[in-house]
Amino acid sequence: MKKTILFLGLFVIMICCKQQQIKQDVEATATAFNKIEVHVIHEDTISIRAIAIDSNQLWFAGNNGKYGAIDLKTNKKFRGRISKDSLHPEFRSIATTNDAIFVLSVANPALLYKISKDKTVVKLVYQEENEKVFYDSMQFLDDSFGVAMGDPVSNCLNIIMTKDGGNTWQKVPCEKLPKVEEGEAAFAASNTNVILRGNTIFIVSGGKKARCFVSEDRGMSWQVYETPIVQGKTMTGIFTADFYNEKIGFIAGGDYEKQEANVDNKAITKDGGKTWKLVGQNTGFGYASCVQFVPNSEGKSLVCVGGTGVHFSNDSGATWKKLAEDKDLYTLRFLNDSIAYAAGKDRVVELKFKE
C-alpha cells in the first residue's frame with residue numbers, strides 16, 4: 001500500500017510538472033518584445049522591396065537590375081546585375097525553391113528570371129509586353145507550384161502560374177478569374193500581395209477597392225471578399241498581407257498620401273479571408289509597407305514596417321508598440337521567432353527583438 005501511495009504521489013508530481021511546463025511554453029509563446037537591436041549588414045545605392053531567406057542566405061532584389069545574396073553566417077556577399085538590351089529592370093518580387101531563386105520585374109516589359117543557387121546561371125523564363133503590365137508579387141508553395149500577380153491589363157488581375165518549378169509560366173485567362181472593379185489594382189510595396197498556404201491562394205488588392213481574392217484549390221476557382229480597409233482613392237487600400245495559416249490572416253495598408261493616419265488600415269481574419277475585422281483603430285502604425293506574423297506565436301504576434309517606423313503587436317493587432325523610428329524599411333522576413341531581416345532604402349538590416 002505504501003508503495004502504491006508513493007507511486008501515486010510521484011505520478012501527481014509528474015503531472016503537475018508537465019502542466020507547469022505547458023503553462024511556461026504557452027507563456028513563452030506570448031512573449032512581448034520591448035526593444036529591438038538594428039544591425040546594418042549591407043549597404044548600396046539601391047531600393048529593395050523584395051527579400052527571401054534561403055537556408056543560411058538572404059537573397060535580395062531591387063532597382064537598376066541589382067540583386068544579390070548575403071551569407072548570414074559569414075556575411076560574405078554576392079552582388080549581381082541583370083540587363084536586357086539597354087534595360088536594367090526594377091525587381092520587386094523574389095521567390096525561392098530548393099533549386100533556384102526567381103526575380104520578377106515591374107513595368108513593361110515584365111521579365112522573370114531564374115537564378116541558379118550557385119549564382120552562375122541566370123535565365124529568362126517568362127516575358128510579357130503590355131503597356132499596362134506591372135507585376136507586384138510572387139511566391140512558391142513548394143518546389144513545383146508558384147504564383148505571381150500584378151495589376152490588371154484587362155478586366156482581371158494579371159496572374160501567372162507555374163507547375164514545373166518555375167521553368168515555364170502560364171497566364172491565367174480572365175474568364176477564369178474574378179473581375180476587378182474600376183480603379184482596383186495592387187501595390188508592389190513588399191512582395192506580400194500573394195500568399196500561399198496549403199492549397200489556398202490569397203491575393204489582396206488596393207486602390208479604389210481593397211478586397212481579398214481567395215482560391216482554395218490552387219487557382220481552379222475563386223471567391224472575392226470585401227475588406228474594411230480604407231479605399232476609394234488611387235493610393236489607398238491594402239499594401240501588405242500575411243497569413244499565419246489557412247485561416248488566420250492579417251492585412252494592412254492605409255493612405256500612402258496620409259502616412260500618419262492610423263484608422264481603418266489594419267484588419268484580421270480568422271476564417272480564411274471571408275470576413276475581416278478592423279483592429280488597432282487610431283493606434284499603432286499609419287501607412288504600412290509590410291506586415292509579418294512572428295513565427296511560433298499562434299497567430300497573435302506581428303511586426304510591421306512602413307512610413308511611421310517599426311511596430312510590434314502581441315494581441316493580434318489590437319495594440320501596438322513602436323520599437324524603432326526607421327521609416328525607410330520597406331519589407332521584412334523572419335529567420336526565427338526573435339530575429340528578422342528587413343530591407344529598404346540603400347540597406348539591408350538584421351533586427352533582433354528583445355523582451
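I took buried to mean under 20% relative accessible area, exposed over 50%, and partly exposed in between, with a 1.4 Å probe and protein chains only. The model is predicted, so I required pLDDT of at least 70 for local features and counted side-chain atom pairs only at pLDDT 80 or more, while totals for chains, interfaces and linings use all residues. Residues are numbered from 1 along each chain as its sequence is written, and side-chain values use heavy atoms, with hydrogens and water left out.

Entry on the bond. I searched the whole structure for disulfides (pairs of cysteine sulfur atoms within 2.5 Å) and found one. Cys156 and Cys174 form the disulfide, with their sulfur atoms 2.0 Å apart. I looked up the torsion about the S-S bond, which is about -80°, so the disulfide is left-handed. Cys156 lies in the loop between strand S10 (146-150) and strand S11 (158-162), and Cys174 in the loop between strand S12 (170-171) and strand S13 (184-185), so the pair ties together parts that are 18 residues apart in sequence. Strands here are DSSP runs of E, at least two residues, numbered from the N terminus.

Entry on burial of the pair. I found Cys174 buried at 17% relative accessibility. Cys156 is buried too, at 4%.

Entry on other cysteines. Cys212 is in no disulfide, and the nearest cysteine sulfur, that of Cys290, is 16 Å away. I noted Cys212 as buried, with a relative accessible area of 0%. For Cys304, the closest cysteine sulfur is in Cys290 at 7.5 Å, too far for a bond. Cys304 is buried, with a relative accessible area of 1%.

Key. Helices (H or I, at least four residues) and strands (E, at least two) are DSSP runs, numbered from the N terminus.
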